Amino acid sequence: MLGSILLLGSLSGCRRGDDLLADLPPYHGEWLLPLVQGDASLIQLSQLRSLPLSATVNSAEFGLPSGTYPFVPPIDLPFVGPFPIAIAEYLVVMEVNTTDVTVRLNNPFPIPIGEGTRVVLRNTPVPGVPGNVVLDVPIAPQLEANSTFEYVGAATNIEITDTLYLFLEQFNSPGGTNVTFEPTSSSIDIVLSRIEVARMEISTGRSFEREDSLSLSIEQDLQDETDIASGSIVFYADNGLPIEAIFQGYMYDAAGTLLDSLFDSPFVVQAGVTDPTGATTQITTSSDTIPIDPATLDGFLRSSKVVLRYGVSTMDQPGTSVSANSTAALRLQLVGDIRLNVDYDDLR
Amino acid sequence: MNRALTITIVFLLGWVTTLAQDGIPHMGDPWLLSEGAMAVPSLQGRGFKRASLTIPSLQAWGGNTVLSYKALRDIAVRDLIQEEHIQDISNSTDDQFSAGVGLQLQLLSLGLNLGGKDGGLGLSLGVEHRERTLFNMDIDRELVTLLYEGNKQYAGRELLLDPLDIRSFSYRELGVNGAVDIPLGGSEDRPMKLRPGIGIYKVFALQGINMEQASISMFTRADGRAVDLRSNYEMNTAIPESGGNLFNGIGGGVAIDASLALALGDDMQFFAGVDDIGSVKFSEGVKNYSATGAYTFRGVQFTFIDQELESTVTLDSLIEMGDPDITEEAWSMQLPTRLLAGGTYGSHLTEYEAFPLFRHMWGLYIAHEFKSVGSYNAPTIISASYTYTAAERASFGVLLASNGDRIPRLGLNLTVRAGPVRLGIGSTNLSPLLVTGSGAAAQGQFALQFAW
């Protein structure tokens, strides 16, 4: 026990941590390590992760233009619509396993919308047939004048095409007396969220780009440490999607002046190959290298904003469409081949 | 035997070696021979006539396989860590970096000689109380290299980071020992005596850490796109809780020492014994950690969530590797059992009356530790000593030993006597003070004994 006490006693005389750090010799380790990686599916790249759909219906659609009516007889129509909703022009079809659904319909009209009226979303403009139904929500109970109906549920095994068509089917109302219809339209808002896609088919000959910006706040003390590291960062892209992708990053200072770009020229990711079911049959690997040198580090350390620009394209794909299922993905990875030059004394 | 030849053989044997551990305190010192009785009970009763009381005897040692005394001094005293110190480890030709420290304190050692025609060397009994704290660790050299130089040099090949071993043990021994002479005949001028000895001690375990197993491997793919980590470790710990019973400890057991000595006359003695046979069982303050896992790191994971680029760190399996299963089952730790053997030869018998005292005394010793705790290198040490006794008042000893260090150990001992008081001070290893080479170990010892 005395020995333990003596050992503890000797430990109590240890120096403070920051003093110890300052006493460490300069560090020159050479590390080869993966830094970050991310997988992107077609749905993520196509911005269809959450899908808001909306349409408006005015009273003229069911034969009652705005105006005052001493008597409105009961209404019973097989359907009102269609009201087309554009999804994405490049989309041929998106097969969805499951999705959460929220439907909100307000009734600004002076008569109720009767129970049994259905909000039906179809992928062709043909009502009353079973094969094209995406969503079918009955209204219950009767939706009184100036009130709102809301439905929260889920849908399974549906197909979403480039344009969807909204119907109010089996539209009925008990009518009313001495009522005035304003020009106000009813809004129908449908949101599909947490979409689990089974397969997505998109048109060839299309492309689009996106931008994201990241704010940076690098401490002033670090901004002169342009020799803290040397080497390179290698970008790898393993593309299992039948689309070509392109990436670039731009670094700006606080005044908005462009300081540097991530790549000398945009990083082009060659397309992979999938079969008609959307399964990847060939992953194409592309890579590009960013040198880590004082000039590059200076640009990065002084930047206050990084704009990431990326785009996808099917311009070079054969045929009229390409498919990708839920397993097909584009994997991006950054690998650092870096020699660190850390002088702890300078960092104090 | 020709004396010069004897000396040569003894010293050569002292240098040949490969092995290490600290041996018997005050080896070769004719006044403090009984200090060895705690490890070799056959030595009880040696070096005094009727009774001895030692309060206290202290022995401390420490060492490592790479850093020199100068480097350690730079780090500890001058607050200076030089790049070369880390490179010393990184560039070492040894597969592992080992370090260990130990402290042994005999608070009380009482010896009695009963019987025997000369008032001694018949039946001897002793009561002992010893505190020991031992710590050692072994780290794979390449782990240090990896941390210091990075993993790039290992890309494309598996890096095994074994061993990773930490052991710590504190315990108290309280018990009795004894030895008795058994005449075997021999010639009149060189009577033979066999002297079996045994010691039995109650052991109070004070703390323990034992890395039962630990294996770690790392594979960096040649293009750096993935790093595979595998680990498998099991560590048992027993740490006293705050306010616990420090006297009784948190576990216990029994230790047995057994030895045999052979005397060929007064001038030639041989002994062999096993110290600390037994184990302790920790029953309080126990936590046992174990984890097995594999993890492939491909970078911090980025995902697209709700149309926004989000980053998530998915290190679950890595966390699982470092997040061990914890149990509180009692566990046992083997005592640091050692084999101790040696022999002494004395010449020029003095006229001192209490016991046969020789002006010149030569010794050769070997200590081998079966369970390495507190050692910092291979577990065997071979030592050779010479002690000169002047005017029956003082002895001066020099000792050479080797345990596989790059430089042999040099030790010095001085014991002075005034009436019943004996004061011994010395070291079995002063080498780091004399040679600034790689590898450093040191030992110091002190004993205050009253003998009649």
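User: How much space lies in the largest cavity?

Analyst: Rolling a probe the size of a water molecule over the atoms shows where empty space is left. A cavity is a set of points, on a 1 Å grid over the protein atoms alone, where a 1.4 Å probe fits but cannot get out, and a volume is the space filled by probe spheres set on the points. In this predicted model, where local features need pLDDT of at least 70, side-chain atom pairs count only at pLDDT 80 or more, and totals for chains, interfaces and linings use all residues, the largest cavity holds about 130 Å³. Residues are numbered from 1 along each chain as its sequence is written, chains are lettered from A, and side-chain values use heavy atoms, without hydrogens and water.

User: Which residues that line the largest cavity are the closest to its centre?

Analyst: Lining residues have an atom within 4 Å of a point; of the 18 here, B:Leu33, B:Leu43, B:Phe271, B:Thr344 and B:Tyr365 are the closest to the centre. The lining divides into 10 nonpolar residues (Ala, Val, Leu, Ile, Met, Phe, Trp, Tyr, Cys and Pro count as such), six polar and two charged (Asp, Glu, Lys and Arg). Strand E10 (268-282) of chain B, a strand being a DSSP run of at least two residues, gives the most, with three residues.

User: How many bridges join strands E6 and E7 of chain B?

Analyst: Two strands pair if DSSP finds at least two bridges between them. E6 (residues 182-186) and E7 (residues 191-220) of chain B have four, in the antiparallel sense, and form a hairpin with four residues between them; B:Ile182 has B:Leu194 as its bridge partner.

How values were computed: On a 1 Å grid over the protein atoms alone, a cavity is a set of points where a 1.4 Å probe fits but cannot get out, and a pocket is an open set with protein on both sides within 12 Å along at least five of seven lines; lining residues have an atom within 4 Å of a point.
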